[in-house]
Amino acid sequence: MTTGRDTRTAPEPVGDPVDPATAAPQLDDLEALRAAAHDCTGCELWEPATQTVFGAGPSSAWLMFVGEQPGDREDLAGEPFVGPAGKLLDRALEQAGITRDETYVTNAVKHFRFERRGSRRIHKTPAVGHVRACRPWLDAELRVVRPTVVATLGATAAKALLGPKFRITESRGTVLEWEGFALVPTIHPSAILRLDPAERDAGFDALVADLKVVAAQH
Ligand code: URA
């Protein structure tokens, strides 16, 4: 039976968030954080997922990308943005004059949320409760990396940092001040992959234009 209630943005019950201050022995060490996050059971997503996908990149990175959550490929590889969206991001970064090696790339949620359809695992947008449960890890990454610029990819990441009222269409490609960081919101590379082929080039060029705004902050 369906109640007709719209649950798309309703917080869903998840476990108590894990506090990295107690879970991780050294907050100034990305490796210690990554090891602690490996065992995170702060929400129920850990169980069906293959592994925690923690952020990747040097702690000296001037730029941090925050995506939504790992996808199917990332869940299997244990690394963020290594699938089709990551490849598109790499191409856009190159055109904007940024190399991936100078960036730290992470996600608002560090386990893959999916629905099984036969043998396929279909991406399911994380709920507000999952973003909240995972937030201590993102805060710890920001504290350790201390980038000058944070670029959010897509609505989930932007809302995770800027609040639920944030509208990406209104502010993408602009430089906002957030908690002492320059923050540039842009769209998620997966959104470009989902575009009608006739619109894909324009979507890609718009992402590159936003990334050039990011590059100009360096
Ligand atoms: N999409 C994301 O938001 N993050 C990834 O790591 C991969 C795809």
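The side chains of Asp 210 and Thr 186 make a polar contact at 2.6 Å. This comes from a predicted model. Asp 210 sits in helix H9, residues 197-215. Elsewhere, strand S1 is mostly covered, with 5 of its 5 residues buried. The salt bridge count comes to 9, while the disulfide count for the whole structure is 0.

- Asp 210 counts as buried, because its relative accessibility is 8% and the cut-off for buried is under 20%.
- Asp 210 belongs to helix H9.
- Leaving aside residues up to four places away in sequence, Asp 210 touches Arg 172, Gly 173, Val 184, Pro 185, Thr 186 and Ile 187.
- Thr 186, one of these contacts, is also the polar partner of the Asp 210 side chain.

**His 188**

- His 188 lies in the loop between strand S7 (181-186) and helix H8 (189-193).
- His 188 is buried, at a relative accessible area of 15%.
- The His 188 side chain reaches a backbone atom: the nitrogen of Ser 190, at 2.9 Å.
- Residues touched by His 188 are Glu 68, Phe 81, Ala 85, Leu 153 and Gly 154, with those up to four places away in sequence not counted.
- Leu 153, among these contacts, falls in strand S5, which spans residues 149-153.

- Strand S1 covers residues 63-67.
- Both faces of S1 are covered. Leu 63, Phe 65 and Gly 67 are buried on one side. Met 64 and Val 66 are buried on the other.
- S1 pairs with strand S2 (residues 103-107) in the parallel sense, over 5 bridges.
- S1 also runs parallel to S5, and 4 bridges join the two strands.
- Phe 65 has a partner in each of these strands. Val 105 stands opposite Phe 65 in S2. Ala 151 is the bridge partner of Phe 65 in S5.

- Which parts does the pair of Arg 100 and Asp 90 tie together? The two side chains meet in a salt bridge, 2.9 Å from N to O. Arg 100 lies in the loop between helix H4 (84-96) and S2, and Asp 90 lies in helix H4, so the pair ties together parts that are 10 residues apart in sequence.
- Arg 100 is partly exposed, with a relative accessible area of 24%. Asp 90 is partly exposed too, at 31%.
- Asp 139 and Arg 135 form a salt bridge, with their closest N and O atoms 2.8 Å apart. Both residues are in helix H5 (residues 128-145), and they are 4 residues apart, so about one helical turn separates them.
- Asp 139 is partly exposed, at 29% relative accessibility. Arg 135 is also partly exposed, with a relative accessible area of 23%.
- Lys 124 and Glu 115 meet through their side chains in a salt bridge of 3.8 Å, N to O. The cut-off for a salt bridge is within 4 Å.
- Lys 124 is partly exposed, at a relative accessible area of 32%. Glu 115 counts as partly exposed, at 33% relative accessibility.
- A network of salt bridges links Asp 72, Asp 75 and Arg 121.

**Cysteines**

- A disulfide needs sulfur atoms within 2.5 Å.
- Seen from the other end, Cys 134 is in no disulfide, and its nearest cysteine sulfur is that of Cys 40.
- Cys 40 counts as buried, at 11% relative accessibility. Cys 134 is buried as well, with a relative accessible area of 9%.

Terms used:
Residues numbered from 1 in each chain as written. Predicted model: local features only at pLDDT ≥ 70, side-chain atom pairs only at ≥ 80, totals over all residues. Heavy atoms only, no water. Buried < 20%, exposed > 50% of the residue type's maximum accessible area, 1.4 Å probe, protein only. Pairing = 2+ DSSP bridges. Polar contact = N/O pair within 3.5 Å; in protein donor to acceptor, adjacent residues only side chain to side chain. Contact = heavy atoms within 4.5 Å.
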